[in-house]
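Dear colleague,

Please find the structure below, handed over for your records.

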Amino acid sequence: MKVEHIAIWVEDIEKMKAFYQKYFNVGSTELYHNQKTDFRSYFLTFEEGSRIELTTKQHLSNRVADSLGYSHIALAVDDKSAVDDFAERFVKDGYPLLNGPRTTGDGYYEAVIQDPEGNLIELTTN
């Protein structure tokens with residue numbers, strides 16, 4: 001088995017798609033729009049085949065930080081210097097660096113940033 005994709009509810013689907021394309025070089029499907037429910041989505045595909053589905057619809061509620069449920073996504077960006085480079089680039093572009101770069105107690109080298117809507121992304125090594 002494998003994880004086929006993860007889905008993220010977003011407010012501004014175009015802004016979020018542009019963010020993931022700019023920083024992670026993902027490909028994208030055409031926008032899917034269900035006229036009946038006003039649900040919209042893009043599937044974003046990474047070079048190695050994993051995917052994120054960005055989804056939106058009317059009347060989504062705000063998420064409470066540190067609540068039960070999904071915590072973050074971890075994206076392997078290559079080696080330690082790549083983690084450092086990504087972290088520096090995000091900070092330079094105005095995104096908050098929440099943690100790191102550092103080696104964690106369980107041996108991962110990582111930096112944690114937020115995407116434009118506050119979802120946590122853990123940048124780590126392969």
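Phe19 is buried, and so is Tyr95, where buried means under 20% relative accessible area, exposed over 50%, and partly exposed in between (1.4 Å probe, protein chains only). The model is predicted: local features need pLDDT of at least 70, side-chain atom pairs count only at pLDDT 80 or more, and totals for chains, interfaces and linings use all residues. Residues are numbered from 1 along each chain as its sequence is written, and side-chain values use heavy atoms, with hydrogens and water left out.

Aromatic pairs

The rings of Phe19 and Tyr95 form an edge-to-face pair, because their centres are 5.2 Å apart and their planes stand at 65°. Rings of Phe, Tyr and Trp (its six-membered ring) pair if their centres lie within 6.5 Å; planes under 30 degrees apart count as stacked, over 60 as edge-to-face and the rest as tilted. This pair links distant parts of the chain, with Phe19 in helix H1 (residues 13–24) and Tyr95 in the loop between H2 and strand E7 (97–103), 76 residues apart. Helices (H or I, at least four residues) and strands (E, at least two) are DSSP runs, numbered from the N terminus. Phe19 and Tyr95 also belong to a cluster linked by ring pairs, together with Tyr20, Tyr23, Phe24, Phe86 and Phe90.

A search of the whole structure finds 14 aromatic pairs. One of them joins Trp9 and Phe39, edge-to-face, at 6.1 Å centre to centre and with 90° between the planes. Trp9 lies in strand E1 (residues 5–9) and Phe39 in strand E4 (residues 39–45), so the pair ties together parts that are 30 residues apart in sequence. Trp9 itself is partly exposed, at a relative accessible area of 44%.

Salt bridges

The structure as a whole contains 4 salt bridges, a salt bridge being a side-chain nitrogen of Lys or Arg within 4 Å of a carboxyl oxygen of Asp or Glu. Glu4 forms one with Arg51, where the closest N and O atoms are 3.0 Å apart. This pair, too, links distant parts of the chain: Glu4 is in the segment before E1 and Arg51 in strand E5 (residues 51–56), 47 residues apart. Both partners are partly exposed, Glu4 with a relative accessible area of 42% and Arg51 with 22%.

A further salt bridge is formed by Asp93 and Lys22, with the closest N and O atoms 3.7 Å apart. Asp93 lies in the loop between H2 and E7 and Lys22 in helix H1, so this pair ties together parts that are 71 residues apart in sequence. Asp93 counts as partly exposed at 33% relative accessibility, and Lys22 counts as partly exposed at 49%.

Asp38 and its surroundings

The side chains of Asp38 and Arg40 also meet in a salt bridge (3.1 Å, N to O). Asp38 is placed in the loop between strand E3 (32–34) and E4. Asp38 is partly exposed, with a relative accessible area of 22%, and Arg40 is partly exposed as well, with 27%.

Backbone geometry

Most residues other than glycine have a negative phi, and most peptide bonds are trans. Phi of Asp38, however, is near 65°, a positive value in a residue other than glycine. Asp78 likewise has a positive phi, about 135°, although it is not a glycine. Asp78 lies in strand E6 (residues 73–78) and is partly exposed, with a relative accessible area of 42%. The peptide bond from Gly100 to Pro101 is cis, with omega near -5°, and Pro101 lies in strand E7.

Negative surface patch

Which residues form the negative surface patch? They are Asp78, Asp79, Asp84, Asp85 and Glu88. Patches are made of residues with over 30% relative accessible area and no salt bridge: like charges are joined within 9 Å, nonpolar side chains (Val, Leu, Ile, Met, Phe, Trp, Tyr) within 5 Å. Helix H2 (residues 80–92) gives the most to the patch, with 3 residues. Glu88 lies in helix H2 and is exposed, with a relative accessible area of 60%.

With kind regards

Conventions: Accessible areas come from the Shrake-Rupley method with a 1.4 Å probe; for residues, only the protein chains shown count as cover. Lys and Arg count as positive and Asp and Glu as negative; His and the chain ends are not counted. The place of a charge is taken as NZ of Lys, CZ of Arg, CG of Asp or CD of Glu.
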